[in-house]
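Work through the exercises below with the model open. Try each task before reading its solution.

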Amino acid sequence: MNFAQFLLILRARKRVILLTLAITVLTTVVVSLLLPKTYKATASVLLNYKGVDPLTGLAMPGQLMPGYMATQIDIITSKNVALRVVDALHLAQNPAVIAQFNESSDGKGTVRDWLADLLLKKLDIAPSRESSVVEISFKGSDPQFVAAIANAFAEQYQKVSIQLRVEPMKKASAYFDEQTKLLRDALEAAQSRLSKYQQEHGIVSVDNRLDVESGRLNDLSTQLVVAQGQLMEAQSRQRMAVGGNALESPDVIGNPLIQNLRASLTAAEAKLAEVGERLDKNHPQYQSAKAEVDKMKAELAAQMRVTSNSVRNNAEILQQREAALRSALTEQKNKVLELNRTRDEMNVLQKDVESAQHAFDATAQRTAQTKIEGQADQSDIAMLNPAVAPIEPASPKLVLNTILSVFLGGFLGLGFGLLAEMLDRRVRSESDLAEALQAPVLGVINWQENARRPSGIKKLLSPSSRLRLN
């Protein structure tokens with residue numbers, strides 16, 4: 001079938017097409033006029049999820065998630081919000097509504113749940129694709145009622161969003177209060193242990209005391225080294241002074257009295273030698289000179305013994321001093337070690353106090369912040385455009401329905417016309433005849449030239465005399 005044949009079929013079946021179009025349009029207009037009028041009211045809300053929290057000053061990255069808008073739509077269409085709308089508008093207290101509920105559900109369930117389900121069925125939520133605006137629409141037969149319902153849904157959605165944010169904060173606040181009390185008790189216990197330890201060990205400032213004792217330990221170490229050197233020197237002098245070579249001892253030789261006595265002894269011995277050359281041993285002068293020499297020798301030996309004893313006593317004194325310094329050094333070392341151990345234990349207790357204080361401060365700060373958030377009634381949802389009672393009904397739309405019925409009737413008419421042609425196919429052009437007979441067309445009669453032909457020929461070739469294709 002070519003386009004020319006298609007046009008011929010439309011021309012031949014125009015009655016079917018026009019009749020179908022007329023019936024469709026007429027039916028659409030009648031139905032549109034008979035249907036009850038439905039009004040639609042829309043309230044727009046703005047989700048201010050960009051920026052920071054006005055209470056905490058913190059960014060809210062969780063609201064930037066892709067599922068945030070879908071979550072908000074689910075909240076709006078939740079039964080919780082619908083029940084709040086029913087309660088806010090006192091719809092369940094209307095006797096007519098109660099009677100309708102009893103009639104439709106036979107008293108099963110509650111009026112609130114029944115009304116909430118009905119409201120949700122007529123509720124329409126349309127989020128914007130590239131903005132944060134959500135449109136809450138409601139349809140009904142009463143303009144004032146649909147506007148009130150749309151505004152009630154927007155208002156209750158704001159309250160529910162605040163409740164969903166505040167209730168977890170209240171529970172968290174109670175939990176943080178309990179934890180704050182426990183941490184306060186732990187902090188007081190740690191401080192009590194530290195104070196008790198300081199009192200038991202008499203610690204005022206362990207660092208200063210440790211510095212003093214460490215300095216004293218260093219001084220004792222220095223004194224002990226000096227005393228040990230002096231003791232070694234004294235013991236060496238003692239060995240030389242007490243031994244047989246006392247005259248080689250620097251302490252003995254360096255003694256002025258011994259030097260005088262040795263000089264006097266030398267002089268007496270010289271005098272004795274001179275007298276011995278001149279006199280006999282039994283001569284009184286010789287005896288007197290010899291007695292003087294013996295006396296000088298005795299005094300020199302006695303003085304040497306005194307000097308040796310003095311050196312020995314000095315060595316003993318230095319040895320006692322060295323032993324005392326060693327004992328004091330050992331005691332001071334034990335004291336410093338004890339102070340180090342005390343400081344380490346005290347540092348552990350101080351760390352416990354600091355950790356408990358830090359945990360308590362952090363928890364107290366978080367508790368205060370959570371309490372503020374739990375008491376906040378600010379919402380990040382704002383009413384952008386409240387719903388107003390519509391003047392024109394949203395449906396049925398007579399003009400739009402009529403235009404659509406024209407297109408629908410036209411397509412249906414074309415379909416019915418083609419169907420009728422398929423059921424009753426006729427020859428409408430030379431191409432149809434050529435296809436049917438499988439023979440070439442030798443000539444075509446022009447039906448428009450009726451005036452030039454005799455009436456017999458006109459009657460014979462009238463349009464009613466058409467071939468039918470079996």
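Predicted model: local features only at pLDDT ≥ 70, side-chain atom pairs only at ≥ 80, totals over all residues.

Residues are numbered from 1 along each chain as its sequence is written, and side-chain values use heavy atoms, with hydrogens and water left out.

**Exercise 1.** Classify the packing of α2 (residues 14–34) against α12 (residues 398–423).

Solution. Start with the geometry: the angle is about 150°, and the axes lie 7 Å apart. α2 is therefore roughly antiparallel to α12 (angles over 145 degrees count as such). Next, sort the contact residues: twelve are nonpolar, eleven polar and none charged.

**Exercise 2.** Do likewise for α4 (residues 79–89) and α6 (residues 111–121).

Solution. The angle is about 110°, with axes 9 Å apart. So α4 is roughly perpendicular to α6 (65 to 115 degrees). List the contact (heavy atoms within 4.5 Å). α4 gives K79, A82, L83, V85, V86 and D87. α6 gives R112, D113, L115, A116, D117, L119 and L120.

**Exercise 3.** Is T180 buried or exposed? Find what T180 touches.

Solution. Locate T180 in helix α7 (residues 143–201). Its relative accessible area is 9%, so T180 is buried (under 20% relative accessible area, 1.4 Å probe, protein chains only). Leave out residues up to four places away in sequence; T180 then touches F360, T363, A364 and T367.

Notes: Axes fitted to C-alpha atoms, helices over the stretch in contact; angles between N-to-C directions. Helix = DSSP H or I, 4+ residues; strand = E, 2+ residues; numbered from the N terminus. Parallel < 35°, antiparallel > 145°, perpendicular 65-115°, else oblique. Nonpolar A, V, L, I, M, F, W, Y, C, P; charged D, E, K, R; others polar. Buried < 20%, exposed > 50% of the residue type's maximum accessible area, 1.4 Å probe, protein only.
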